[in-house]
Amino acid sequence: MPNRLAQETSPYLLQHAENPVDWWPWSTEAFDEARKSGKPVLLSVGYSSCHWCHVMAHESFEDQTTADYLNAHFVNIKVDREERPDVDAVYMEAVQAATGQGGWPMTVFLTPDAEPFYFGTYFPPAPRHGMPSFRQVLEGVRSAWTDRREEVAEVAGKIVRDLAGREISYGGPEAPGEEELARALLGLTREYDAQRGGFGGAPKFPPSMVIEFLLRHAARTGSEGALQMAADTCERMARGGIYDQLGGGFARYSVDREWVVPHFEKMLYDNALLCRVYAHLWRATGSDLARRVALETADFMVRELRTTEGGFASALDADSDDGSGKHVEGAYYVWTPEQLRDVLGDDAELAAEYFGVTEEGTFEEGSSVLQLPQREGVFDAEKVESVKRRLLDARAARPAPGRDDKVVAAWNGLAIAALAETGAYFDRPDLVEAAVGAADLLVRLHLDDHAQIARTSKDGQVGANAGVLEDYADVAEGFLALASVTGEGVWLEFAGFLLDHVLARFVDAESGALFDTASDAEQLIRRPQDPTDNAAPSGWTAAAGALLSYAAQTGAEPHRTAAERALGVVKALGPRVPRFVGWGLAVAEALLDGPKEVAIVGPSLDDKATKALHRTALLGTAPGAVVAVGTPESDELPLLADRPLVQGEPTAYVCRNFTCDAPTTDPERLRTTLNG
């Protein structure tokens, strides 16, 4: 008998629809039921590609005895953190404050007023490693709720008061300058792993937003050290097991410092951000490796994550069937020497050497994650391509990892920006078309008549959850990139609608600080507000970036002022914790550089000389530069106003901070202007 989750659009909630647990989705009705029945609430938060979420579901939520106990004594609520990042953020803050750590699955016990009083993450079915069993936890919570209700209410009240008092140290509404950005670079240099690339120890996450800062800083200041850190980190990741050497695309993170063994799930946001990073690295250096990885990652997203409706799915699971009916992490991706021999025959030895596959293995049970180890000697390129093709075909016959098919607005915004730019740089109109397809879906399905955005959709059906700040900001970022690449003003217009909502509903008018949820959103025990960049840019820094680009495209003063005020938090955090505010630092670089505004006018967008100037503009490394292209008569993009052709030739105009260079018809001169 399916529970209430059978009606939901989230693949994660649907995975639990057949559980014997009588789950509720997050709703006022669930809390009404808790009040009416006098039961506490069990809140369980996870996401569909989370390994330990699956483990706990299998051990506890699919177990009839555990389910009977849960149904008798609790109102049980299941939340997909990717659908409700606001609910996740508020209770994760409480978990981290109480226990010093967090993670998923997240298990929180609440009063019927949604106030938390006991926390944890994964609980095993039997006590182990000093952890109580899930049943012991449930019995303990039930006993406290029944026998010491006043004490529980007191604890819950104190936690909520403490959360309310945890105001972020907002640095005031003043953007960082040269000094703060230099100190941020120094901080990154100290944490840099010179031997292996990246920052800090294990587990190691791909630092895509920090690399964007390093590339922009190098472009603005000429810092060779910043460029070297970016290039070396990108090379080490691309040669490691975190990168799929056969199919392209990146796994979530590496469990070791050397980038060898990944946590195998592939997330849309990581791949969108990294595709853009490698495209920008190629733009700065001309590196063949960067070009290859950008294109392979773009192709991976289009091939494996694009949905029937034209959007991009959220993730591929880490686990898959190992061929024996057992779900095993990494089963789809790893190889033993014997498996290589089965597929490749005499070429198996070459493949083992090329990809670092050993008899003892680099992963579990003698299997190896494919890498490109640094090595001497030359390999026959044609032979290597043939080996890759045959291995990829053989892998395609394995049971594939599950896919989380929901379309998250914010992550699709990141993918649109990456595919539009990668398509433009490498003359791949199919990638630009894929970006336009996803943008069309967001406009058609996710935006309502007032341009308010819905967080998710699945199978062409829009979800019930309102967009949060990162949805408005990242989708605006994607639309702005599309406007620069295509010259179509409609994308700038839609970005403007979204950013007007940011100004009206997410900004604190007094301080210039930003909230993650709108002023008219569902009220939780606290209004979430996090300026730090984690797996993707925070809504706060993403909004600052999109507001700044929009202001550069349109001259809109309120948007520029809001961006400058929002960057106050980067002034405060950048010098102290640069690794956790990488996108904010990248936006600050754009602000310091202007950003430059480039208008390209020509007789038509198909004109050869116009295209050459447009391409040169897009390939400029000036931090955060915006590009508009069109005819002198066009009224689609404000930057094109009053820009005549010079002597009848296609012409480029470059301005910053209310001053303009002399117009030029020469792509070389434009390149020099934009590349410092």
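**Loops, strands and cysteines**

A: Aspartate 427 counts as exposed, because its relative accessibility is 64%; exposed stands for over 50% relative accessible area, buried for under 20%, and partly exposed for what lies in between, with a 1.4 Å probe and protein chains only. This is a predicted model, in which local features need pLDDT of at least 70 and side-chain atom pairs count only at pLDDT 80 or more, while totals for chains, interfaces and linings use all residues. Residues are numbered from 1 along each chain as its sequence is written, and side-chain values use heavy atoms, with hydrogens and water left out.

Q: Where is aspartate 427 found?

A: Aspartate 427 is in the loop between helix 16 (409-425) and helix 17 (429-446), where helices (H or I, at least four residues) and strands (E, at least two) are DSSP runs numbered from the N terminus. The phi of aspartate 427 is near 55°, which is a positive value in a residue other than glycine.

Q: And glutamine 647, what is its phi?

A: Glutamine 647 has a phi near 50°, again a positive value in a residue other than glycine. Glutamine 647 sits in the loop between strand 17 (626-630) and strand 18 (651-656), and it counts as exposed because its relative accessibility is 77%.

Q: Switching to peptide bonds: which sense, cis or trans, has the one from alanine 202 to proline 203?

A: The bond from alanine 202 to proline 203 is cis, with omega near -10°, and proline 203 lies in the loop between helix 8 (178-191) and helix 9 (208-221). The peptide bond from glycine 594 to proline 595 is also cis, with omega near -10°; proline 595 belongs to the loop between helix 23 (582-593) and strand 16 (597-601).

Q: What about arginine 526, buried or exposed?

A: Arginine 526 is buried, because its relative accessible area is 10%. Its place is in the loop between helix 19 (489-505) and helix 20 (539-554).

Q: With which side chain does arginine 526 make a polar contact?

A: The side chain of arginine 526 contacts the side chain of glutamate 93 at 2.9 Å. A polar contact here is a pair of N or O atoms within 3.5 Å; within protein, one must be able to donate a hydrogen and the other to accept it, and residues adjacent in sequence count only if both atoms are side-chain atoms.

Q: Which residues of helix 4 are buried?

A: In helix 4 (residues 64-73), the buried residues are Thr66, Ala67, Tyr69, Leu70 and His73. These residues are on the same side of helix 4, because they cover an arc of only 160° around the axis, the arc being that of the directions from the helix axis to the C-beta atoms.

Q: What do the buried residues of helix 4 pack against?

A: They pack against strand 2 (41-46), helix 3 (51-61), strand 3 (75-80) and helix 6 (134-147), with contact taken as heavy atoms within 4.5 Å.

Q: On to strands: how do strand 4 and strand 5 pair?

A: Strand 4 (residues 106-110) and strand 5 pair in the antiparallel sense over 4 bridges; two strands pair if DSSP finds at least two bridges between them. The two strands form a hairpin with 5 residues between them, and alanine 114 in the turn has a positive phi of about 70°. Threonine 107 has glycine 120 in strand 5 as its bridge partner. Strand 5 (residues 116-120) is mostly covered, with 4 of its 5 residues buried.

Q: Last topic: how many disulfides does the structure hold?

A: The structure holds 2 disulfides, a disulfide being a pair of cysteine sulfur atoms within 2.5 Å. One joins cysteine 50 to cysteine 53, with S to S 2.2 Å; cysteine 50 and cysteine 53 are both buried, and their link is right-handed, with 85° about the S-S bond. A disulfide also joins cysteine 655 to cysteine 660, with S to S 2.0 Å, and it is right-handed because the torsion about its S-S bond is about 100°.

Q: Cysteine 660: buried or partly exposed?

A: Cysteine 660 is partly exposed, because its relative accessible area is 47%, whereas cysteine 655 is buried at 6%.
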